[in-house]
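Subject: Structure handover and notes

Hello,

The structure is below, with my notes after it. Please read them alongside the coordinates.

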Amino acid sequence: MKIIVFGGTGWLGHNVVLQLLEAGYDVTICSRGQKKLFLDEVAKVKTITADKKDEASVREIFKTRYDVVIDTVPTLESIAHIRKYAGNISQYIHCSSTGGYAPLPFVPCDETAPYGGFEKNSGWAAKAVYDNEAMRLFHQEGFPATVIRPCYITGPGMLPLDNQGGRRKDYIADIIAEKTLDVPDNGLALLQPIHVKDLAASFRLATETHRSIGQIYNICLSHAVTLIRYHEITAAAFGKKAHLNFMSVDDMLKKYAGNIHETGLRFLATHMCFTIEKAIRDLGYKPHCTPEEAIAETARWAAEQN
């Protein structure tokens, strides 16, 4: 099977590539050449340097036939160009996010929930547009689309989520120093991570069954934890205790004015809790670790980087 991975040199993308290579697939990367951090890990993989938003470039790329197209960061332009020039591909899979379900209408949430974007101008709202277009093309034209919606992505290669809804570099240092961390509201908002390797595996699994075509899958680890528990797990990875101070979101925004991303903080205070039964049933998806293990592993990795 010949597979092309757009964005295959990024954090998620290179993990997808490595998963596919390990399974014996013929993999090609398409990248703009801007992300260098993981290049060494995929240095031996066939690579095309091009911008998928450029129609002429996509037309040239698909003069070679591929069976599967994976796009880790889709856009309306890239979907249209792939639809136009990729020919008779057996499957198109792109990465979205569970963030567009927020605020959740029920917990644990599943793929039947409305999906429109956490805020009107957020990246999640844009993902809703891309997902809708992929599913429209499937239903109206038979375009073999599959959408993967991950939760908060964690694992080696990226800094962990911090107490402010971002990924600040000094979060782990603060945890190790047992500094008191401000946490939004009462700290009981639910957070459900996905390990980047399990997310990458879900893309491979989706390519291996036609059942996934025309479907959307929420991909997470087995269960959610509260924000309190998240910080406790992170601290325990270093034999420390988490010291937390609970504040309203508005008070945190005032305290950290100019140094905090409002959307990120408000999203952090919103429940993220999902069932993965559909992925288990259709894809044979099975996470390799627990949320607690993934949180601790990421914390230790981040400490080693500093």
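In which hand does H7 pass H11? H7 passes H11 in a right-handed crossing, where right-handed means that the near helix is turned clockwise from the far one by less than a right angle, and left-handed means anticlockwise.

Some conventions before the rest. This is a predicted model, in which local features need pLDDT of at least 70 and side-chain atom pairs count only at pLDDT 80 or more, while totals for chains, interfaces and linings use all residues. Residues are numbered from 1 along each chain as its sequence is written, and side-chain values use heavy atoms, with hydrogens and water left out. Helices (H or I, at least four residues) and strands (E, at least two) are DSSP runs numbered from the N terminus.

H7 and H11

The axes of H7 and H11 come within 8 Å and cross at roughly 50 degrees; axes are lines fitted to C-alpha atoms, for helices over the stretch in contact, and angles run from 0 to 180 degrees between N-to-C directions. The two helices are therefore oblique to each other (under 35 degrees is roughly parallel, over 145 roughly antiparallel, 65 to 115 roughly perpendicular, and the rest oblique). On the H7 side, Tyr230, Ile233 and Thr234 meet Glu292, Ile295, Ala296 and Ala299 of H11, contact being heavy atoms within 4.5 Å. By class, this contact has 5 nonpolar, 1 polar and 1 charged residues. Here Ala, Val, Leu, Ile, Met, Phe, Trp, Tyr, Cys and Pro count as nonpolar, Asp, Glu, Lys and Arg as charged, and the others, Gly among them, as polar.

Buried means under 20% relative accessible area, exposed over 50%, and partly exposed in between (1.4 Å probe, protein chains only). The buried residues of H7 are Leu227, Ile228, Tyr230, His231, Ile233, Thr234 and Ala235.

H11 runs over residues 291–305, and its 15 residues reach 21 Å from first C-alpha to last, close to the 21 Å expected at 1.5 Å a residue; the expected span is 1.5 Å times one less than the number of residues. Buried in H11 are Pro291, Ala294, Ile295, Ala296, Thr298, Ala299 and Ala302. These residues pack against strand E7 (152–154), helix H5 (171–176), strand E10 (193–195), strand E12 (225–226) and H7.

H1 and H6

Helix H1 (residues 11–22) packs with helix H6 (residues 196–207) at an angle of about 55 degrees, the axes being 8 Å apart. That makes H1 oblique to H6. H1 passes H6 in a right-handed crossing. From H1 the contact uses Trp11, Leu12, Asn15, Val16, Gln19 and Leu20, and from H6 it uses Val196, Lys197, Leu199, Ala200, Ala201, Phe203 and Arg204. Those residues divide into 9 nonpolar, 2 polar and 2 charged.

H1 is mostly covered, with 9 of its 12 residues buried: Trp11, Leu12, Gly13, His14, Asn15, Val16, Val17, Gln19 and Leu20. Among the elements that cover them are strand E1 (2–6), strand E2 (26–31), strand E4 (68–71), strand E5 (91–95), E7 and H6. The end C-alpha atoms of H1 are 17 Å apart, which agrees with the 16 Å that its 12 residues should span at 1.5 Å a residue. Gly24 follows H1 and has a positive phi, near 95 degrees.

Arg204 sits in helix H6. Leaving aside residues up to four places away in sequence, Arg204 touches Gln19, Leu20, Ala23 and Tyr25. Arg204 and Tyr285 are 81 residues apart in sequence and 10.0 Å apart in space, C-alpha to C-alpha.

- The peptide bond from Ala102 to Pro103 is cis, with omega near -5 degrees; Pro103 is in the loop between E5 and helix H4 (123–141).
- Val107 and Pro108 are also joined by a cis peptide bond, with omega about -10 degrees; Pro108 is in the loop between E5 and H4.
- Glu178, a residue other than glycine, has a positive phi near 55 degrees. Glu178 lies in the loop between H5 and strand E8 (180–184) and, at 32% relative accessibility, counts as partly exposed.
- Asp185, a residue other than glycine, has a positive phi near 55 degrees. Asp185 lies in the loop between E8 and strand E9 (190–191) and, at 38% relative accessibility, counts as partly exposed.

Regards
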